[in-house]
Amino acid sequence: MSGVDKMFPKPVYRPRRLRRTATIRQLVRETELPPGRLVCPVFLVEGENQRQPISGMPGVDRFSIDEAIRFAEGACELGVRSFALFPKVLNSEKTADGSAALRDDNLACRSLRALRKALPEACLIADVALDPFSSDGHDGIVADGCVLNDETVEILAKMAVVQARAGADIVAPSDMMDGRVGAIRSVLDAEGLTDTIILSYAAKYASSFYGPFRGALGSVPVERADVPKDKKTYQMDPANIIEASFEAGLDALEAADMLMVKPGLPYLDVISRLASEHEIPIAAYHVSGEYAMLRAAAAQGLMDYEAGLVESLLCLARAGARVILTYGALDYAAWWRREQGLA
Ligand code: PBG
């Protein structure tokens, strides 16, 4: 017997006892994430029979409306019934004021109507921001090198009404203009759309992890002297968390129904903080760059894609995200079914 054994007698407490078998581990698992809590982003294009691969995001395609319906039907069968729609708008329809966003026959609204009809039980989430429709590639209207706040908010509120009428259960302002949640709520209510849910991108950071998404939609800010080259005057500084708390508080006061943090994994502290500060559901967006990193590492044989995805999503849930948007939604659901012995 060495001196060390006298200082530290054999442990009475042995946490490993609860990790001995898969059944015991499942028994004491603190976080469960069924696929019904996932939202699958869906990229849309004009045309028919279109399934266009997106570079950097293997396994994710842009769909024409008919193909999007087939895709969503398959997702529902796997237990993923919520979809966030992102249209890739034709360049010829993009303008400085993003006016096509207000047309009820634009790609976003036609997709909403078609999916609403084909899948009445699905939850459809519409993105409220001007970037897919903006020839400048910004979420709001650009003038004199600035992204205008109040003028943009006025358009976004109208956009939300058009989307709600087209069949959106949830409108999700992803623009980070000030006061847009309140404006959207009052205009929706004035139009009798009191059941339309607002999922606010409350703490959306100016992140380098959105690259593949902007590539998928062709929504990179244009390079011109009078257009801001990044989104830092409206999206948040990654260094800040107190500000996230403030932003989320404002959105909650403006009657947001859910609050989102975006991106996901680098911002677990923000998710955790908002989850402890609010009684409404917190959502996290596991964004395109996070997905692309997993895929790229797996393609190089550096890690297992599915295991990395499952772990990432579980950690977002553990941190406090009730709802998770992820490009890996169907892959996760397939894994979940195997885990449950369903497949
Ligand atoms: C823009 C928007 C972005 C994403 C969702 N909505 C990109 C941006 O802010 O530039 C990114 C999502 C992702 O990267 O997966 N309104």
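A polar atom in the side chain of Asp131 lies 3.0 Å from a nitrogen atom of the ligand, in a model that is predicted. Two further residues face oxygen atoms of the ligand: an N or O atom in the side chain of Lys231 is 2.7 Å from an oxygen atom of the ligand, and a polar side-chain atom of Tyr327 lies 2.6 Å from an oxygen atom of the ligand. Of the 400 Å² of accessible area that the ligand has on its own, the protein covers 100%.

## The shell and the cavity

The ligand is surrounded by 16 residues, and the closest of these are Arg214, Lys231, Lys262, Ser288 and Tyr327. The space that the ligand takes up is the largest cavity.

## Tyr327 and the aromatic pairs

The structure holds 11 aromatic pairs. One of them is formed by Phe43 and Tyr327, whose rings are stacked, with 5.9 Å from centre to centre and 10° between the planes. This pair links distant parts of the chain, since Phe43 belongs to strand β1 (residues 38-44), while Tyr327 sits in the loop between β12 (323-326) and α12 (329-339), and the two residues are 284 residues apart.

Terms used:
Residues numbered from 1 in each chain as written. Predicted model: local features only at pLDDT ≥ 70, side-chain atom pairs only at ≥ 80, totals over all residues. Heavy atoms only, no water. Near = heavy atom within 4 Å. Polar contact = N/O pair within 3.5 Å; in protein donor to acceptor, adjacent residues only side chain to side chain. Areas by Shrake-Rupley, 256 points an atom, 1.4 Å probe, with all protein chains shown as cover. 1 Å grid on protein atoms, 1.4 Å probe; cavity = no way out; pocket = protein on both sides within 12 Å on 5 of 7 lines; lining within 4 Å. Sits in = over half its atoms within 2 Å of the grid points. Phe/Tyr/Trp six-rings, centres within 6.5 Å; stacked < 30°, edge-to-face > 60°. Helix = DSSP H or I, 4+ residues; strand = E, 2+ residues; numbered from the N terminus.
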